[in-house]
Amino acid sequence: MAVDGDWEELGAGVFVRRYQFFNQDIGLVIGDDAALVVDTRSSHRQGREIQDDIRRLTPRPWLVVNTHHHFDHTFGNGVFAPAPIWGHERCVTALERWGERSKQDVAREMPDLAEEIAEVRIVAPTRTFDRSATVDLGGRSVELRHLGRAHTDNDIVVIVPDAGVVFAGDLVEEGGPPYFGDSYPLEWPATDVALLGLAKGPVVPGHGAIVDAAFVRDQLGKIEAGVAAARRAHDEGWPIESAVRDVPFPEPAAQDLLRRAFDQLGGEASASADGRSNPGRE
Ligand SMILES: [Zn+2]
């Protein structure tokens, strides 16, 4: 099969293309009848860029899957509609609740992007599920699974059984730490264990280079260490700051992991642990 130089073919008709913006990985699984696009990037403009790149590979109609609700995975949805968009049912809830707010936050934090963010129409998944779904692409099918809460409450993975490829969304990140800002650190390790049970070959992270099960196991170990540090500090009544050095991630990620773990562990720490209420941090 002729392959555009920028798409990497991981298995027959299974492609990934890494975009410079956010070092993000976009997947494409081509069947006889349709092509499944994994995530749509951060704006209509970026979504159209994906479409142009897809059209160099296949003329098939597309379907979309959103690995979770974060803006860099869903804000391009508008240019793919009315094609079916698959996602977890809580991805819909999150986009309805946070989508417009997220547009404002992104425009403020990334002024260079403000203009294209302004034209984004929030479009939520139209095909939803809780635990699992199968998408028939003609001659091959793809499995969608929610393995538990982790990076968000609506992470799903995309499994291409006939090619042995798994798209993990932001359950796994390469080239930088995972993002813990609205995560569920206490449940993340079990979700990663379930992912490892499915990872027989290449694992495509949400951002960064293609990895394998060993990389996932290593990142899982770091998250477990972070959760252990959070439990220790929480049990002893220590402040979050005392545990930062025991979390094997750089400081902003470590802080987020601890804050969210404390929130999950409950108790008096959650209010003061919220970095957003501290004027010293954004
Ligand atoms: Zn994310």
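Colleague: Phe15 stands opposite which residue in S3?
Modeller: This is a predicted model, where local features need pLDDT of at least 70, side-chain atom pairs count only at pLDDT 80 or more, and totals for chains, interfaces and linings use all residues. Residues are numbered from 1 along each chain as its sequence is written, and side-chain values use heavy atoms, with hydrogens and water left out. Strands (DSSP E runs of at least two residues) and helices (H or I runs of at least four) are numbered from the N terminus. In S3, the residue opposite Phe15 is Leu28.

Colleague: Over how many bridges do S2 and S3 pair?
Modeller: Two strands pair if DSSP finds at least two bridges between them. S2 and S3 run in the antiparallel sense, and their bridges number six.

Colleague: Which residue in the turn of the S2 and S3 hairpin has a positive phi of about 65 degrees?
Modeller: The hairpin leaves four residues between its strands.

Colleague: What phi does Asn23 have?
Modeller: Asn23 also lies in the loop between S2 and S3, and it counts as partly exposed because its relative accessibility is 31%. Although Asn23 is not a glycine, its phi is positive, at about 55 degrees.

Colleague: How many of the six residues of S2 are buried?
Modeller: Buried means under 20% relative accessible area. S2 is largely enclosed by the rest of the structure, because the buried count among its six residues is five.

Colleague: Which residues coordinate the zinc ion?
Modeller: Donors are N, O and S atoms within 2.8 Å of the metal (3.2 Å for Na, K and Ca), and sites may look incomplete because water is not among the atoms. Here the donors sit at 2.2 to 2.3 Å. They are His68 (NE2), His70 (ND1), His151 (NE2) and Asp170 (OD).

Colleague: Why is the arrangement around the zinc ion irregular?
Modeller: Four donors count as tetrahedral if all angles lie between 85 and 135 degrees; four count as square planar and six as octahedral if opposite donors are over 155 degrees apart and all others between 65 and 115; anything else is irregular. The arrangement is irregular because the four donor atoms subtend angles of 86 to 171 degrees.

Colleague: How many residues apart in sequence are the parts that His151 and Asp170 tie together?
Modeller: Along the chain the donors follow the spacing H-x1-H-x80-H-x18-D. His151 lies in the loop between S9 (141-145) and S10 (157-160), and Asp170 in S11 (residues 165-173), so the separation of the parts they tie together, in residues, is 19.

Colleague: Which peptide bond is cis, with omega near 10 degrees?
Modeller: The proline concerned is in the loop between helix H3 (77-80) and strand S6 (85-88). The cis bond runs from Ala81 to Pro82.

Definitions and conventions:
Buried < 20%, exposed > 50% of the residue type's maximum accessible area, 1.4 Å probe, protein only.
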